[in-house]
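Please look over the sequence and the model before reading on.

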Amino acid sequence: MSFLKHLLAVCALITTVGTAHAEKITIAAAADLKFAMDDIVTTFKKANPADEVDITYGSSGKFHTQIQQGAPYDLFFSADIGFPRELAKSGFAASDVKPYAVGRIVLWSNSLDASKMTLAGLSDPKITRVAIANPKHAPYGKRAEEALRAAGLWEKVEPKLVYGESIAHTAQFVQTGNAQVGILALSLAINPELAGKGGYALIPDSLHAPLEQGFVITKRAAGNALAKRFADYMGSKTARAVMAKYGFVLPGDVVSK
Amino acid sequence: MLLSDSDLQAIWLTVKLSSLVTLVLLLIGTPIAWWLARTRSWLKGPIGAVVALPLVLPPSVLGFYMLLAMGPHGPIGHLTRVLGIGALPFTFWGLALASVFYSMPFMIQPLQNAFEGIGDRPLEVAATLRASPLDTFFTVALPLALPGFISASILTFAHTVGEFGVVLMIGGNLPGVTRVASVQIYDHVEALEYADAHRLAAIMLVFSFVVLLGMYAWRPGTKKTK
């Protein structure tokens with residue numbers, strides 16, 4: 001009996017703590033944003049210490065499905081602007097779809113000097129495994145396949161390909177040395193954790209469709225002021241500077257090669 | 001059938017992997033289970049715990065360590081390179097090795113229980129009749145533990161079919177090599193191909209139910225009243 005009482009008390013405590021902070025958001029962000037978004041949220045929290053911002057990283061396609069099924073995300077940052085556009089079309093959004101960045105793909109390796117690497121170099125027989133994200137559902141994987149096809153290398157490189165579930169999973173294959181080379185997001189390769197070895201080589205963006213990325217406030221956060229404030233913050237100078245630091249081309253900026 | 005070629009390929013690969021893993025575990029699991037059932041050594045505890053680890057560990061932990069261990073800088077990776085086998089991740093054999101670890105408790109624990117259930121008496125009787133230990137094992141223990149062998153094999157097979165996390169982490173999603181049915185379903189869902197996902201998922205559901213139904217309906221425990 002007393003155990004039950006305690007349990008009830010604990011439950012009550014948890015719910016009151018939960019409602020004490022009305023200002024709380026959960027963000028679903030594409031895996032390529034891992035480092036950039038961590039930075040942005042840190043600076044945002046510094047400026048707004050009372051607000052609670054949680055982030056979940058994953059594949060954009062999965063978040064798209066989850067939000068349709070009622071997942072408790074207030075903002076959705078997709079690596080492919082198509083997903084939030086689709087959500088908006090089917091009534092799952094509370095804001096317009098805002099483009100926030102254009103991504104770039106790079107060649108990266110943990111064991112070879114990737115800075116001098118080219119796509120054509122992937123046909124070298126010494127390179128036996130090349131990791132890309134799964135082109136079937138990961139935006140960065142789609143672009144990687146497009147680039148390989150545009151360069152006329154798909155037939156040669158395809159037998160060497162292994163597929164990561166997201167761009168972060170792909171990076172993990174290369175980082176552990178299980179694949180010698182990977183086609184990754186510039187935003188990941190530029191991070192000190194990965195940039196330690198060999199650097200990276202940009203893949204010309206003329207070889208693939210643009211990696212236009214967009215975010216949206218979900219329907220569930222329609223009345224959430226914090227979600228609106230965070231969305232505005234993404235357009236601030238500070239946030240844009242962080243995004244630029246991680247190699248994203250920002251909307252309104254000139255696309256540089 | 002409404003299944004695509006890639007779905008059939010995934011199912012066939014799953015069956016191949018699960019059969020191989022069951023066979024391998026029958027061979028290496030039987031002596032381990034026998035030893036665990038009969039020994040009085042202090043090592044029984046630690047080894048039993050190691051065998052049971054995959055029951056508790058998240059597949060992500062197992063997958064992560066397997067990826068590191070089988071990679072070019074890991075101990076298994078070194079070994080396979082020295083032996084000239086090459087790297088194991090993203091290969092069928094790498095997947096089989098990881099699955100053997102992953103499904104180990106599902107083979108060894110039911111076998112151990114079956115062996116322990118025999119008790120000392122039949123083995124002592126066999127010994128007084130001058131049967132060698134090997135003889136005793138094959139003519140007394142093995143037939144008595146047969147129901148245990150059957151349920152251990154079914155559980156191991158079914159558990160390997162249900163494997164997902166480890167495969168995802170070390171497989172690299174290669175059609176016909178490492179893209180098993182569970183991964184194929186995941187891919188369908190991720191690509192929003194729900195109809196395809198449904199077909200394959202329904203097959204998995206029915207298969208799993210039938211396997212478990214078969215096992216519980218025809219449990220060795222029913223042959224005796226308590």
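A crossing of two helices is called right-handed if the near helix is turned clockwise from the far one by less than a right angle, and left-handed if the turn is anticlockwise. In this predicted model, α5(B) passes α8(B) in a right-handed crossing.

Helix α5 of chain B covers residues 92-118 and helix α8 of chain B covers residues 146-161, and the two pack at an angle of about 160 degrees, with their axes 8 Å apart. Because angles over 145 degrees count as roughly antiparallel, α5(B) is roughly antiparallel to α8(B). On the side of α5(B), the residues that take part include B:Phe106, B:Met107 and B:Leu111, while α8(B) contributes, among others, B:Phe149, B:Leu155 and B:His159. Sorted by class, this contact holds nine nonpolar and eight polar residues, and no charged ones.

| Feature of chain B | Value |
|---|---|
| Span of the C-alpha trace along its principal axes | about 65 × 45 × 25 Å |
| Share of the 226 residues that count as buried | 35% |
| Share of contacts with a separation of 6 or more that join residues 24 or more positions apart | 71% |

Chain B also touches chain A, in a contact that takes 15 residues from chain A and 17 residues from chain B. On the side of chain A, the elements that give two or more residues are α3 (60-68) and β7 (161-164), and α3(A) gives the most, with three residues. The residues on that side of chain A divide into three nonpolar, eight polar and four charged.

Terms used: Residues are numbered from 1 along each chain as its sequence is written. Chains are lettered from A and ligands numbered from 1 in the order in which they are written. This is a predicted model: local features need pLDDT of at least 70, side-chain atom pairs count only at pLDDT 80 or more; totals for chains, interfaces and linings use all residues. A residue is buried if 20 or more other C-beta atoms lie within 10 Å of its own, exposed if 12 or fewer, and partly exposed in between; C-beta atoms are placed from the backbone. Two residues are in contact if their C-beta atoms, placed from the backbone, lie within 7 Å. Helices (H or I, at least four residues) and strands (E, at least two) are DSSP runs, numbered from the N terminus. Ala, Val, Leu, Ile, Met, Phe, Trp, Tyr, Cys and Pro count as nonpolar, Asp, Glu, Lys and Arg as charged, and the others, Gly among them, as polar. Axes are lines fitted to C-alpha atoms, for helices over the stretch in contact, and angles run from 0 to 180 degrees between N-to-C directions. Angles under 35 degrees count as roughly parallel, over 145 as roughly antiparallel, 65 to 115 as roughly perpendicular and the rest as oblique.
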